[in-house]
Structures are given as C-alpha cells and as structure tokens.
Amino acid sequence: MHDYVGAVREFELYLSEGGSEIPEEQRKQVSAEIDLLRKRIATITIEVNVPGAEVYIDGTRVTTPVGESIKVNTGTRKVEVSADGYESARKSLELLGEENRRVAFELVKKVAPLVGVPAETTVEKERTGAW
C-alpha cells in the first residue's frame with residue numbers, strides 16, 4: 001500500500017529532528033521528495049449534524065476533530081460516520097491528488113422498537129358472507 005501521508009509525516013519529522021545536522025544537499029533532496037508526495041495526497045473535511053460523532057476512514061478511527069482538515073492518500077477512500085443512537089452513514093470517495101473536499105453527513109436517529117408489540121403481528125379478518 002502506498003502511504004503518502006505517512007511518508008510525508010516521516011520525512012518532515014526527519015528534517016525537524018535532524019535540524020542543522022542534515023547536509024544542505026540531503027535537505028534539498030528530502031524537501032523535493034516531500035513536494036512530489038504531496039501531489040498524491042488529498043484533504044477532506046467531514047461535517048456531521050451530530051456533535052461527538054466518530055469518523056472512520058478505511059476502517060480506522062480518525063482522531064482529528066470533526067470539521068477540521070484530514071490528509072488522506074489519493075484513490076478510493078471509504079468514510080463512515082457513527083454516533084450513539086443514530087444510524088451509521090457511509091460514503092465512498094474517489095479522491096485526486098491535491099484535492100480539497102468537504103463531505104457532509106446527515107445522521108438519522110434510530111427508531112426504537114415498539115414495546116409490547118410483537119415484531120410480526122397477523123390480523124385475521126372476520127369471515128363474513130360466502131367464500
């Protein structure tokens with residue numbers, strides 16, 4: 001799997017931690033690689049109508065607060081949003097490099113089952129007249 005977001009994060013950490021100990025030519029090469037990798041990263045912003053909703057991208061919980069930008073790898077991303085007492089919502093996104101996209105989710109409250117009414121109730125009509 002191509003984790004461009006992770007690669008950029010690691011390169012930036014390398015530059016940050018290495019500081020002035022990294023030779024200038026090496027710093028330029030790493031910076032050029034970061035620029036190339038960023039072209040393979042998209043940014044999405046998730047909007048949800050329910051405070052405290054949890055967001056999952058490709059099955060992994062996102063810790064970035066709802067409404068803030070999230071860097072993701074390009075390609076098809078599966079986004080799921082859920083909250084207690086609401087039906088989960090899912091969307092599949094096809095994202096291009098350097099794309100910025102806002103994605104809105106409208107969660108719907110779960111319907112509570114009626115208490116005391118069997119799930120399947122059959123009502124028979126009284127037979128009258130000739131059959």
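**Close-up views of a predicted model**

**View 1. An open sheet of four strands.** The strands run in the order S3-S2-S5-S6, and their pairing is antiparallel. Strand S3 (60-61) and strand S6 (89-95) form the edges, each pairing on one side only. This is a predicted model. Strands of a sheet pair through backbone hydrogen bonds, either parallel or antiparallel.

**View 2. The pairing of S2 with S3.** Strand S2 covers residues 54-57. S2 and S3 pair in the antiparallel sense over two bridges. Which residue of S3 is the bridge partner of Ile57? The partner is Thr60.

**View 3. The largest pocket.** This pocket holds about 470 Å³ of space. Helix H1 (4-18), S3 and strand S4 (69-73) are the elements that give two or more residues to its lining. S4 supplies the largest share, five residues. The lining has 17 residues, and Ile57, Val62, Ile70, Lys71 and Val72 lie nearest the pocket centre. By type, the lining residues are six nonpolar, five polar and six charged. Rolling a probe the size of a water molecule over the atoms shows where empty space is left.

**View 4. The second largest pocket.** Its volume is about 170 Å³. The lining consists of Val5, Val8, Arg9, Arg38, Ile41, Thr43, Lys71, Glu98, Glu99 and Asn100. H1 and strand S1 (41-48) each supply at least two of the lining residues. Which element gives the most? H1 does, with three residues. The lining divides into three nonpolar, two polar and five charged residues.

**View 5. The largest nonpolar core.** This core has 21 residues. Among them, Ile44, Ile46, Val79, Val81 and Leu107 touch the most other members. The elements that give two or more residues to this core are S1, S2, S4, strand S5 (75-82), S6 and strand S7 (100-105). S1 gives the most, with four residues. In soluble globular proteins, nonpolar side chains tend to be buried together.

**View 6. The surroundings of Ile44.** Which residues does Ile44 touch, not counting those up to four places away in sequence? They are Ile57, Glu68, Ser69, Ile70, Val72, Val79, Leu93, Leu95 and Arg101. One of these contacts, Val79, is also among the core residues that touch the most other members. Ile57, another contact of Ile44, has Thr60 as its bridge partner.

**View 7. A second, separate core.** This core has nine residues, including Val5, Val8, Leu15 and Ile34.

Conventions:
Residues numbered from 1 in each chain as written. Predicted model: local features only at pLDDT ≥ 70, side-chain atom pairs only at ≥ 80, totals over all residues. Heavy atoms only, no water. Pairing = 2+ DSSP bridges. 1 Å grid on protein atoms, 1.4 Å probe; cavity = no way out; pocket = protein on both sides within 12 Å on 5 of 7 lines; lining within 4 Å. Points joined across faces, edges and corners; volume = space filled by probe spheres on them. Nonpolar A, V, L, I, M, F, W, Y, C, P; charged D, E, K, R; others polar. Core = buried A, V, L, I, M, F, W, Y, C linked by side-chain atoms within 4.5 Å. Buried < 20%, exposed > 50% of the residue type's maximum accessible area, 1.4 Å probe, protein only. Contact = heavy atoms within 4.5 Å.
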